Amino acid sequence: MERITVTINGNQYQALKGSTILKAAEANNIHIPTMCYEEGLSIPGCCRMCVVEVKGARKLLAACTTPVTEGMEIQTESDRVVEARKDILRLYLASHDLRCLTCERNGDCRLQDYCYRYKVEDTPYRGEQKKYPVDISNPFFFRDYSKCIMCGKCVRVCAEINGAYVYDFMEKGFDSKVTSAFDDPNQETACTFCGMCVQVCPVAALVEKSVMWAGRPWEMQKVKTTCPYCGVGCQLKLKVKDGRIIGVAKDKSGSNLGHLCVKGQFGWEYVHSPDRLTRPLLRKNGKLEPVSWEDAYNHIARRLSSIRDQYGGQALAGLSSAKCTNEENYLFQKFMRTLIHTNNVDHCARL
Amino acid sequence: MAGLATAFGSGAMTNSINQLLQTNVILLVGANTTEAHPVTGYRIKQAVKDGSRLIVVDPRKIELVRYADLWLRIRPGTNVALLNGLAHVIMRDDLWDKQFVAERSEGFEEWRQGLEQYTPEYVANICGIKPELIEEAAHLYAQAEKATTVYAMGITQHTSGTNNVFAIANLAMVTGQVGREGAGVAPLRGQNNVQGSCDMGALPNYYPSYRFVDDSAARQDLEKAWGVSPEAGAPGQPNGQGPAGLPVEPGLTVTEMMKAADRGEIKAMYIMGENPVLSDPDANHVIEALKKLDFLVVQDIFLTETAELADVVLPAASFAEKEGTFTNTERRIQRVRKALEPPGEAKPDWLILVELANHLGRPWHYPRGPEEIMEEIARVTPLYGGISYARLEETGIQWPCPTPDHPGTPWLHAEKFTRGKGRFHRVEHLPPAEEPDREYPLLLTTGRMLYHFHTGTMSRRSKRLEAIHDHELAMLNPDDASHYGICDGDTVQVESRRGKVKTKVQVTDHVPPGVLFMTFHFKETATNLLTNAAVDPICKIPELKACAVRVSKV
Ligand code: SF4
Ligand code: SF4
Ligand code: SF4
């Protein structure tokens, strides 16, 4: 890849030829704010949040769509740029439902972050507030369009990645909004509840129900792990608070690129099911009764070794599990082969 | 798995999931990707939107049919005929890759002779489709710069499953559509760690890294690594005087174990994290077999239908409560991290195994836990030789990764096949083990749906998933529905020679006439009471995809 030299905020940097100003800046750890841009989706360049000043250009240019050229001189935080961004933020605030106190995205919201960064406390445009009913009808997430900033990321991720085409820009003018056809609840659309729209929403317009009143974003621990369902092996982050999972955040390091399906995104509740086994059980007089680990181990060791010693290892068999880890599968076959002395070990992969 | 392993030397997906985005033609055979492997389904749709061509071979009108250039709605169980038909056209029209065949394959001539009778007309008749479709599909696949065949259970769960896979491998070799970035063969694994279980040797005929148990060099290596005395009389050997060393005889597969248990030859079983009562074919037979055991240990996170039959039940930790790794369908080894403590006294499976081994007199000792177990795995598993937790911290690595400085392998068989030369296998179309007849006139096929998983142990205890979909909904074609007087939403009884279940019915052209589709996610409708335990003679996958049934309204 050919490299060129650009000047950003007075310093010279190397950039890949053909990359956008936004990518070139990011690659050099210069953060340009964005609302409608999302890596991996098409780039509408509509929010204007990422505008920058380029020497020789009359207008401010959108960093997400403008390619870098050799010798380009870019200002990402000049007075003109900052004033433009402030104005965009003031327009967002004009109709936004500003009940931040109890908002689930408080502390994890792009609108808050950028207002703070550019010291925007209020808006001179304050007009009519958008007041839409909150749709809580599906089991997985709610839709609160009084908070929507119309970035369109949900529209694009649903169309371009999932292929369900649930949302679009509807109506015109003040009433314009991003929603499903006829405002239908998701369960009456082609929605497959992958939750990817929730994951890309920069504000609290789309929020997992499970995090409601469950904790503030900064109180959650995020633990990166692998989805326990199918063989695609998507990477995700479990949101954990007080020893319980309360939701799932995206992780872009794996080949799923942050994309998930409904099972990875919303299928973790079984972990906290009241049906979980919590004690070893031993059958006594036909009934399974709780016993200590020590008793369970002793009983198993006695029975397995006596059957093995009496009939030989071929009289025993073990089923390992495609749900268990590599380490566990490894130990299981080693257990059967070295302790029980049999190759009668399999798992249900064939099924 | 056996099919690809025999043809190429490795049973795994040859390429990476995201290389589907670079493929010009995707041949999707018996894989309902958007339901069973949804994120891979997204990639196929993305590829099509970017201009890739898609050929769907499936009796069902799956979602991806909407994205397909060609849809070959073949009769269930006729894949081999179709794939041979494609190869026939490719040879007839001289679209094959002569250099690839000459340099990189063997068994070609014999295979070629076997194709003679599979003319488009002959195949069209077997498969119930138009001959032109076969020609078009063959041309598209063979002439693509890069083509990838994607398949899943729809291919393997037939008595002819291994033959299906051979036929797919033949097609890839004759056209040179394998061994390059974006060109290959992609078997999609059902459960999250099927690939890893196989890699780790949780198989009756393989040690870790697919070394045969009857290969004496492999056996000696592992006897040394595992500290198994080659002397008779060491612990773990019957009566203190049984055979020395590791067992030589290959073991039994799941299906064979159940039969042996039924005959009283298997006396005890140890089952970790599986629920064969619901997942195995012919459930009644499995329950009877398990009941005959002298001793059954089940280790799981729930009291499953299988655990209910056990003498001892051990409470295990879930994926969120332990450290470890899973290997995904593209051979990528990825970390599982502990986010929570297990409930009550439950323990991770690895720890239970270690402690149980200690009680049986083996001094297994892994004070640093799974990370240390992985170090041992790396020592005895050449495919994982370069794997360590430190390297997996940021992102996973695709095996083979033989050394600590090896970057991993995004696509296999690049210079040569794992087994050296790729092997052609002559395969013939065979009818399914059980075909519909007057008594049982419908063909039942089984599969998965998006919101639930496998036997439902996990997904059905996730109340939000359950709220969206909580019962079996069998699919029946409108023609059959009107013939039997069944309406959408009716409850019916489905009966096979082995058992009967009740289910609600959806009347839809998603299935062709003569075919009934059901999942096996719902224990209230235990579909595997109906299915057939007849197994593929080579890889021993039961015939879950096709059995004869009849329906009646209740
Ligand atoms: S959950 Fe997924 S399918 Fe449903 S609207 Fe959001 S992105 Fe689209
Ligand atoms: S709902 Fe969220 S993602 Fe969608 S347009 Fe509104 S702010 Fe953007
Ligand atoms: S999120 Fe969905 S596609 Fe990804 S691994 Fe989990 S079940 Fe499979």
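Trainee: How many nonpolar, polar and charged residues does the shell around ligand 1 have?

Mentor: Ala, Val, Leu, Ile, Met, Phe, Trp, Tyr, Cys and Pro count as nonpolar, Asp, Glu, Lys and Arg as charged, and the others, Gly among them, as polar. In the shell around ligand 1, nine residues are nonpolar, four are polar and none is charged. This is a predicted model: local features need pLDDT of at least 70 and side-chain atom pairs pLDDT 80 or more, while totals for chains, interfaces and linings use all residues. Residues are numbered from 1 along each chain as its sequence is written, chains are lettered from A and ligands numbered from 1 in the order written, and side-chain values use heavy atoms, without hydrogens or water.

Trainee: Which residues come nearest to ligand 1?

Mentor: A residue is near a molecule or strand if one of its heavy atoms lies within 4 Å of it. Of the 13 residues around ligand 1, the nearest are A:Cys158, A:Cys191, A:Cys194, A:Gly195 and A:Cys197.

Trainee: What surrounds ligand 2?

Mentor: Its surroundings include A:Cys148, A:Cys151, A:Cys154 and A:Cys201, and also A:Ile149, A:Val178 and A:Pro202. By class, the ligand 2 shell holds 11 nonpolar residues, one polar and no charged.

Trainee: What is the strand order of the open sheet in chain B?

Mentor: Strands (E, at least two residues) and helices (H or I, at least four) are DSSP runs, numbered from the N terminus; two strands pair if DSSP finds at least two bridges between them. The three strands of chain B run in the order S12-S13-S14, with antiparallel pairing. S12 (324–327) and S14 (397–398) of chain B are the edge strands, each pairing on one side only. Between S13 (residues 332–336) of chain B and S14(B) there are two bridges, and B:Ile333 stands opposite B:Ile397.

Trainee: Which helix of chain A packs on that sheet?

Mentor: Contact means heavy atoms within 4.5 Å. Helix H8 (residues 326–340) of chain A touches S12 and S13 of chain B. The direction of H8 of chain A makes about 90 degrees with that of S12(B); axes are lines fitted to C-alpha atoms, for helices over the stretch in contact, and angles run from 0 to 180 degrees between N-to-C directions.

Trainee: Why is helix H17 of chain B called largely enclosed?

Mentor: Buried means under 20% relative accessible area, exposed over 50%, partly exposed in between (1.4 Å probe, protein chains only). H17 (residues 370–380) of chain B is largely enclosed because eight of its 11 residues are buried. Among them are B:Glu372, B:Ile373, B:Met374 and B:Glu376. The buried residues of H17(B) pack against H8 of chain A, and against H12 (216–226), S12, H16 (349–359) and H18 (389–392) of chain B.
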